[in-house]
Amino acid sequence: MSLFAASSRRPLVMGVLNVTPDSFFDGGRWLERGAAIERALEMVAEGADVIDVGGESTRPGAQDVPAEEQIRRVLPVIEALAGRVRVSIDTRSAQVAAAAVGAGATLINDVSASLWQVAADHGVGWIAMHMLGDPLTMQDLTMQDRPAYGDVVSEIATFLKARAEVAAAAGVDEVWIDPGIGFGKTVEHNLALLRGLDAFVKLGRPVLVGTSRKGFLGSVTARNGVVPAPEDRIEASVATAVWAVLRGARMVRVHDVAPTVHAIRLMEAPLEEAMA
Ligand code: HH2
């Protein structure tokens, strides 16, 4: 019996490739086409199943990037990768999503959970992620604008269930759902979502989770008031990715493909034996 009880299939690993100057962790590293392609192929060699190409940072406080500029950044990279690995396009723009699909992307990673019609029109997959507000304001933790939910798990599950149903009715065959860790959530909200992943898995759609290097991991692992920088959050990233797949996530979105793949494989072997 597979350890990954919700599915007989191995969990997938999505490697992050931000072709941006300002992403919170890898911003500026892959702006040049050659470097981006090389990094993507490195992640494929490390075991990535999907490469998630983005031309706009959605970190807290980020400004919108015009569609033309996103397209200029991502298209040459997608064209070079398509056919060699599955490519997803990380965007909130219908124009960018359509251009990326034209260049060979087969999955739209949509942090706005609003682009299902583009996916339906082009016959590609769609990831619906939950975000409260928009990147510019979502993590405004002043008292009046603090992200607030009644029951964070059930509210977000209800939202994603409805979006997934609308997308399926519009003709999207492959619909993923993602609770949107860090997108308009406090540390406590993020932890509650990780604890409550089961509620998302139960909806019957494949679940994607992205914790990689995010701020809440810094808060949770802070010592003596010192919050580790994104560069120092690798163990926490791998640990939470493993947690997510054990709780039934079918894909994890990560910056560090090799250690994540290793951790998932290592954990699978002894536990499968114990369950045999
Ligand atoms: N997180 C980020 C971006 N896209 N997509 C999904 N589906 N789920 C996520 O959790 C998610 C996402 C933020 O991470 P990153 O791309 O590394 O940073 P930035 O937004 O600064 O480019």
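Guide: A pocket is an open set of grid points with protein on both sides within 12 Å along at least five of seven lines, whereas a cavity is a set of points where a 1.4 Å probe fits but cannot get out. In this structure, which is a predicted model, the space taken by the ligand is the largest pocket.

Visitor: Which residues come nearest to the ligand, and how does the shell around the ligand divide by residue class?

Guide: Ser23, Ser57, Asp178, Lys214 and His255 come nearest among the 17 residues around the ligand, and the shell divides into five nonpolar, seven polar and five charged residues.

Visitor: Which N or O atoms of the protein lie 2.7 Å from an oxygen atom of the ligand?

Guide: A polar contact is a pair of N or O atoms within 3.5 Å. For Thr58 a backbone N or O atom lies 2.7 Å from a ligand oxygen, and for His255 a side-chain N or O atom is 2.7 Å from an oxygen atom of the ligand. The side chain of Asp178 has an N or O atom 2.6 Å from a ligand nitrogen. Taken alone the ligand exposes 480 Å², of which the protein buries 99%.

Visitor: How many cavities of 30 Å³ or more does a search of the whole structure find, and what lines the largest cavity?

Guide: The search finds two such cavities, and the largest has a volume of about 40 Å³. Its lining consists of Arg10, Pro11, Val13, Val261, Ile264, Arg265 and Glu268, which divide into four nonpolar, no polar and three charged residues. Helix H10, residues 257-275, gives the most to this lining, with four residues.

Terms used. Residues are numbered from 1 along each chain as its sequence is written. This is a predicted model: local features need pLDDT of at least 70, side-chain atom pairs count only at pLDDT 80 or more; totals for chains, interfaces and linings use all residues. Side-chain values use heavy atoms; hydrogens and water are left out. A residue is near a molecule or strand if one of its heavy atoms lies within 4 Å of it. A polar contact is a pair of N or O atoms within 3.5 Å; within protein, one must be able to donate a hydrogen and the other to accept it, and residues adjacent in sequence count only if both atoms are side-chain atoms. Accessible areas come from the Shrake-Rupley method with a 1.4 Å probe; for residues, only the protein chains shown count as cover. On a 1 Å grid over the protein atoms alone, a cavity is a set of points where a 1.4 Å probe fits but cannot get out, and a pocket is an open set with protein on both sides within 12 Å along at least five of seven lines; lining residues have an atom within 4 Å of a point. A molecule sits in a cavity or pocket if more than half of its atoms lie within 2 Å of its grid points. Ala, Val, Leu, Ile, Met, Phe, Trp, Tyr, Cys and Pro count as nonpolar, Asp, Glu, Lys and Arg as charged, and the others, Gly among them, as polar. Grid points are joined across faces, edges and corners, and a volume is the space filled by probe spheres set on the points. Helices (H or I, at least four residues) and strands (E, at least two) are DSSP runs, numbered from the N terminus.
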